[in-house]
Amino acid sequence: MTTTPQAARRASPRKRRPATPAAPDPAAGLMPQAEPVRLLNSDGTPLPPRADYPEPPVEALREMYRRMIVGRRFDAQATALTKQGRLAVYPSSRGQEACQVGGVLALRDDDWVFPTYRESMALTARGIDPVEVLTLLRGDWHCGYDSAARRTAPQCTPLATQCVHAAGLAYGESYQGRDTVALVYIGDGATSEGDFHEGVNFAAVFKAPVVYFVQNNRYAISVPLSRQTAAPSLAYKGVGYGVPSEQVDGNDPVAVLAVLNRAVAHARAGKGPYLVEAHTYRMEPHTNADDQTRYRDADEVEAWRDRDPIARLETYLRARDVLDDAAVAEIAEQAEAYAARLRERMNAQPTVDPLSLFEHVYAQPTAQLVEQREQVRAELAAAQEEDA
Amino acid sequence: MATMTMAKALNAALADAMLDDERVVVFGEDVGQLGGVFRITDGLQARFGDKRCFDTPLAEAGIVGFAVGLAMSGLRPVVEMQFDAFAYPAFEQIASHVAKLRNRTRGALSVPMVIRVPYAGGIGGVEHHCDSSEAYYAHTPGLKVVTPATVADAYSLLREAIDDPDPVVFMEPKKLYFASGDADLSTRTESFGRAVVRRPGRDATLVAYGPAVPVALEAAEAAREEGWDLEVVDVRTIVPFDDATVTASVRRTGRCVVIQEAQGFAGVGAEIAARVQERCFHALHAPVLRVSGLDIPYPAPMLEHTHLPSVDRVLDAVARLQWDDQPDARWLTDGVSA
């Protein structure tokens with residue numbers, strides 16, 4: 001049998017180059033999954049369990065359901081209060097209940113939340129008095145709750161600026177030996193802002209325990225996601241900063257909580273920040289003042305009703321036998337009572353004191369502010385005298 | 001009492017503050033190993049470690065926003081903006097958050113911090129390195145704005161700024177960094193919030209701050225030859241503004257020229273002139289005049305001397321203070337003459 005030289009070379013192991021092991025992918029462990037993580041189907045039936053995202057305890061999911069029901073009722077009540085002129089404006093988060101509630105449920109009470117104006121539901125789910133939450137939108141002050149006591153920054157109206165605050169706060173906490181985690185809520189539009197990038201980068205460089213939680217609800221007011229990014233998804237924005245990132249079905253409450261639990265645990269373990277993108281949908285206009293018919297079809301909105309996070313979780317919990325008609329009715333009653341109390345309290349006209357304008361500008365008012373306060377005091381006294 | 005440069009005094013103030021208060025952390029661009037491009041943070045990292053004095057990513061909004069979070073957690077950040085014009089990316093953080101957080105939260109959160117800004121010109125710097133940006137900050141309620149003109153004040157004002165419960169924008173006149181002066185670092189000048197009469201005089205008051213103070217003092221010295229005895233008031237703290245000291249001086253002298261290096265229109269000098277006019281009208285023998293930089297983008301180095309307020313320009317203004325009780329011819333025409 002004759003062999004060609006080529007065949008001999010192929011056959012001879014000596015002639016083969018030693019196999020060099022492939023260099024490890026430096027982005028391994030950072031990349032999000034190609035598809036959003038899902039633990040429930042759209043109809044609420046469970047998908048096979050996953051080792052990387054273990055399902056949260058069923059009691060936590062039941063509590064999540066309760067808070068989502070109360071949250072949705074709160075949201076509807078706030079929208080109604082706007083129509084009655086009790087609130088200046090209200091940005092609804094209807095349809096985003098899994099994210100709103102999941103974000104706060106993943107945290108301890110001593111963790112910090114950095115919310116935007118759309119997180120009223122999340123804040124009430126955190127246990128903050130709804131009247132204090134709505135102070136901003138009613139207009140009797142800016143932030144109505146005690147930010148320090150509630151470990152909750154004021155709702156941020158400028159986009160993404162809180163991303164850097166969270167990095168600083170979380171670093172400061174770990175610097176002082178505390179294992180606090182900060183969770184930042186932002187939307188898809190805000191990921192285009194410079195402060196998003198600076199915040200994620202600072203958190204990464206200083207290994208600050210922050211979870212950046214992007215609720216991608218498809219629209220920044222009217223501008224669609226395609227105008228915000230050319231990235232495969234927003235979760236990929238973390239990779240360039242060395243931040244492990246994940247995308248999740250934001251209307252799958254079980255997956256949202258599972259992914260956030262992992263992200264929070266990662267941060268708390270001192271491994272630095274984590275970025276989570278939740279794919280969800282804003283069912284209502286940007287605010288009551290917005291006209292969504294100008295930029296999206298009713299059909300599109302309708303299609304998202306089939307992925308309603310509350311219906312999905314209810315189906316699942318009923319199948320797990322931890323929720324029945326009686327429990328559903330009782331929770332609905334709780335939600336009604338919550339809304340009724342809110343309605344009643346919001347009907348009372350808040351008292352505002354013009355002289356409070358001069359408080360909290362500085363620790364102590366300057367001489368100029370004292371002067372201006374006296375002028376306003378005199379104006380008020382004169383007006384009162386005229387009325388009398 | 002020791003003789004040192006303003007840069008050294010600022011450095012000593014930072015070191016002493018870090019020594020006295022372990023909550024004080026110093027950070028920014030190149031402030032660590034390098035000690036800052038002007039060496040104001042020189043040696044701090046070696047002495048206090050890289051957790052208390054550290055470099056950050058090159059992002060000014062990030063630096064100030066990070067400081068907001070650190071202050072919320074209970075630390076006392078002192079951040080360096082490398083140059084005046086490089087602080088503009090941080091302006092949103094400063095105006096919307098640093099200045100307002102106490103007010104927005106009804107005092108639940110406060111963010112005491114010092115934002116150090118090397119500012120103004122006269123050093124032959126190329127563009128974007130010589131802006132006088134104090135008016136932007138002074139126009140923002142919630143901020144305090146401070147600028148030293150002497151070595152002793154540099155130390156004292158910075159110590160007081162770091163101890164202050166409110167955020168302070170600390171404007172450091174670059175051209176004075178390496179000017180020497182006497183300072184006793186064991187005593188404070190109690191300078192915060194208080195203007196000071198740098199040179200007493202009877203005939204007119206020159207009000208100045210930061211880099212314009214040496215110009216005012218030099219002008220006052222030169223004015224002696226013309227027979228004018230000029231008083232010089234150093235504002236020191238632009239916010240909160242010390243009306244009392246300025247007003248008392250002008251009421252004594254009856255004449256006032258406000259000097260600032262910044263472009264004049266809608267500037268701090270305009271505010272001071274208005275306040276003096278409101279409070280001293282019946283004591284004034286002449287309109288309050290301003291000497292300022294020109295209303296132009298900061299010029300190229302070879303042209304900056306024409307832009308900057310000079311002793312001659314100050315003396316020209318003093319000469320127009322209606323010493324002969326005649327109106328200033330410049331204001332007698334209608335509108336603006338070409």
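I count two residues as in contact if their C-beta atoms, placed from the backbone, lie within 7 Å. I note at the outset that this is a predicted model.

**Entry 1: a helix pair in chain B**

I applied the contact rule to helix 1 (residues 6-20) and helix 7 (residues 151-163) of chain B. From helix 1 of chain B, the residues M6(B), A9(B), L10(B), A12(B), A13(B), D16(B) and A17(B) take part. They meet V151(B), A154(B), Y155(B), L158(B), R159(B) and I162(B) in helix 7 of chain B. I then looked up the geometry: the two helices pack at an angle of about 30 degrees, and their axes are 8 Å apart. Because angles under 35 degrees count as roughly parallel, I describe helix 1 of chain B as roughly parallel to helix 7 of chain B. I recorded the crossing of helix 1 and helix 7 of chain B as right-handed.

**Entry 2: chain B as a whole**

I found 12 helices and 14 strands in chain B. The radius of gyration of chain B is 20 Å, close to the 20 Å that the globule rule gives for 338 residues, so I regard chain B as being as compact as a globular protein of that length. Its C-alpha atoms fill a box of roughly 65 × 45 × 40 Å along the principal axes. Of the 338 residues in chain B, 54% are buried. I also looked at contacts in chain B with a separation of 6 or more: 78% of them are between residues 24 or more positions apart.

**Entry 3: where chain B touches chain A**

I asked how many residues of chain B are in contact with chain A. Helix 3 of chain B gives the most, with 9 residues.

**Entry 4: backbone details in chain B**

I located a cis peptide bond between V239(B) and P240(B), with omega at about -5 degrees. P240(B) lies in the loop between strand 12 (237-239) and helix 9 (243-253) of chain B.

I next looked up two residues other than glycine with a positive phi. For R106(B), phi is near 50 degrees, and the residue lies in the loop between helix 5 and strand 5 (114-119) of chain B. For Q322(B), phi is near 55 degrees, and the residue is found in the segment after helix 12 (311-319) of chain B.

**Entry 5: a sheet in chain A**

I traced an open sheet of 5 strands in chain A, in the order 1-2-3-7-6, with parallel pairing. Its edge strands are strand 1 (112-114) and strand 6 (245-249) of chain A, each of which pairs on one side only. Neighbouring strands of this sheet are turned by 20 degrees against each other on average, direction ignored.

W112(A) stands opposite A182(A) in strand 2 of chain A.

Finally, I followed helix 10 (residues 253-268) of chain A, which lies across strand 3 (210-216), strand 6 and strand 7 (274-279) of chain A. Helix 10 of chain A runs at about 170 degrees to strand 7 of chain A.

Technical notes: Residues are numbered from 1 along each chain as its sequence is written. Chains are lettered from A and ligands numbered from 1 in the order in which they are written. This is a predicted model: local features need pLDDT of at least 70, side-chain atom pairs count only at pLDDT 80 or more; totals for chains, interfaces and linings use all residues. Two strands pair if DSSP finds at least two bridges between them. Helices (H or I, at least four residues) and strands (E, at least two) are DSSP runs, numbered from the N terminus. Axes are lines fitted to C-alpha atoms, for helices over the stretch in contact, and angles run from 0 to 180 degrees between N-to-C directions. The radius of gyration is taken over C-alpha atoms; the globule rule is 2.2 Å times the number of residues to the power 0.38. A residue is buried if 20 or more other C-beta atoms lie within 10 Å of its own, exposed if 12 or fewer, and partly exposed in between; C-beta atoms are placed from the backbone. Angles under 35 degrees count as roughly parallel, over 145 as roughly antiparallel, 65 to 115 as roughly perpendicular and the rest as oblique. A crossing is left-handed if the near helix is turned anticlockwise from the far one by less than a right angle, and right-handed if clockwise.
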